[in-house]
Amino acid sequence: MTVTLVPSLTPPPAWTVPPSSRPLDVLGVPGQINLDYAASAPCARAAADAVAELLPWYASVHRGAGALSRRCTLAYERARQTVGDFFGARAGDHVVFTRNTTDALNLLARTLPAGTTVVTFAGEHHANLLPWPRASVRLPVPAGPAEAIRALDAALTELRRGATARPPVLVAVTGASNVTGERWPVAELAWVARRHAARIAVDAAQLAPHAPIDVTALDVDYLAVSGHKLYAPFGAGVLLGRGDWLDAAPPYLAGGGATSHVGAATHDVRWATGPARHEAGTPNLLGAVALASVCAALDGADRVALHAREQALLARLRDGLAALPHVVELRAFGPDAPRVGIASFVLAGRDSAEVAAELAARHGIGVRDGLFCAHPLARRLLTEAAARSGHRDLPPTALRASIGLGSTLDHVESLLTALAELG
Ligand SMILES: Cc1ncc(COP(=O)(O)O)c(C=O)c1O
């Protein structure tokens with residue numbers, strides 16, 4: 001066996017994985033019906049191809065002069081550019097690679113100027129509730145998009161009332177709920193925030209896999225995204241947004257790569273500005289490249305058609321659930337509110353964890369059960385579901401089915417048939 005230790009700059013053909021003609025096909029295992037995209041979506045062919053193509057070149061990023069290292073550095077920075085372009089980054093925005101959305105929002109929380117008030121809603125995922133300072137304002141879960149806009153306007157009016165100084169305010173909202181799939185009126189909330197001289201951060205973990213997002217068009221200051229929900233594996237996420245707070249804050253992690261100068265004395269450190277300031281340590285090259293490859297593939301796809309297909313599947317799923325007398329859907333907004341491919345529900349008289357286990361064991365169907373890391377919202381919606389349906393025997397946790405690029409009508413029908421049998 002011949003082992004080539006140092007490949008030339010042009011990889012031999014055997015190493016070059018031909019790009020898939022269907023980059024948005026997703027990988028999976030025959031016989032397994034994955035209806036748990038909202039937790040982690042399967043890997044897109046585009047991501048798998050990009051990783052396979054880069055793997056022979058695998059070497060240090062930003063740290064080597066060799067051909068392999070230079071190529072990896074280039075690939076990493078190109079990935080940053082691709083992701084930034086995909087989400088409409090402005091001049092002056094930074095695209096910081098993180099581990100996931102949780103990491104991105106924690107990073108943002110660490111960069112808040114002193115005295116910043118954060119305003120959130122109680123309907124958020126824990127990742128967008130827990131990182132914020134204790135004195136944050138938490139608004140109740142609204143009954144619909146219009147109420148969310150009104151409530152935010154009222155809260156910001158109150159915060160600014162009588163104040164001569166205007167301390168920083170950050171509004172942190174989700175783009176789509178991971179419990180109900182309901183979409184939040186991001187552009188309108190951004191407009192309200194702007195009217196009160198507040199900034200706005202959008203947790204796009206659930207929206208990004210389903211809809212185009214452009215921070216410039218939406219006038220959103222920060223965006224947080226997880227690669228593993230966007231058809232890219234390997235634990236890469238992104239915090240994208242205004243560079244000023246990021247550059248003024250202490251580095252998220254202290255260490256190599258985040259400095260521009262380190263002297264002999266312990267205090268003699270100058271931190272880098274730009275994304276490097278918050279990316280100390282060797283970065284996740286494959287994660288960044290995989291995520292960028294999905295962004296590029298989505299950019300070249302007919303997203304209107306993808307959306308229409310997903311909405312048709314979602315409509316069938318929700319109609320099917322509504323037709324089962326022992327099933328109650330969870331929702332915060334009205335039944336016709338726009339939503340992404342997520343539906344949460346309970347079976348009257350059945351423990352949700354047991355139902356999920358039976359779906360897996362007997363039907364090869366994977367769904368999520370629990371309170372979905374959004375405990376305040378999920379508990380409230382379970383109470384509301386009991387009141388709306390009149391069922392007195394609803395369980396204390398729920399089930400969630402979520403769909404995406406690889407989902408088919410057969411998958412949805414299999415779930416509905418199985419749930420009918422479980423009634
Ligand atoms: C709306 C929302 N925000 C944030 C997160 C956290 O994402 P991650 O676990 O990738 O950090 C999730 C994960 O389910 C989510 O659904």
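## Ground rules and confidence

Residues are numbered from 1 along each chain as its sequence is written. Because the model is predicted, local features need pLDDT of at least 70 and side-chain atom pairs count only at pLDDT 80 or more, while totals for chains, interfaces and linings use all residues.

The chain averages a pLDDT (the predictor's confidence in each residue, from 0 to 100) of 94, and 95% of the residues score at least 70. Over residues 1-17, though, pLDDT stays under 50. Where pLDDT is low, the predicted coordinates should not be read in detail.

## Helices H9 and H12

Helices here are DSSP runs of H or I, at least four residues, numbered from the N terminus. The axes (lines fitted to C-alpha atoms over the stretch in contact, with angles from 0 to 180 degrees between N-to-C directions) of H9 (residues 303-322) and H12 (residues 409-422) come within 10 Å and cross at roughly 10°. That makes the two helices, H9 and H12, roughly parallel (angles under 35 degrees).

On the H9 side, Leu313, Arg316, Leu317 and Gly320 meet Leu409, Val412 and Leu416 of H12 (C-beta atoms, placed from the backbone, within 7 Å).

## Around the ligand

The ligand is surrounded by 14 residues, and the closest are Asn100, Thr102, Asn178, Ala205 and Ser226 (C-beta atom, placed from the backbone, within 6 Å).

## Glu158

Glu158 sits in helix H4 (residues 145-160). Glu158 is exposed (12 or fewer other C-beta atoms, placed from the backbone, within 10 Å) because it has 10.

Key
Buried ≥ 20, exposed ≤ 12 C-beta atoms within 10 Å, placed from the backbone. Parallel < 35°, antiparallel > 145°, perpendicular 65-115°, else oblique. Contact = placed C-beta atoms within 7 Å.
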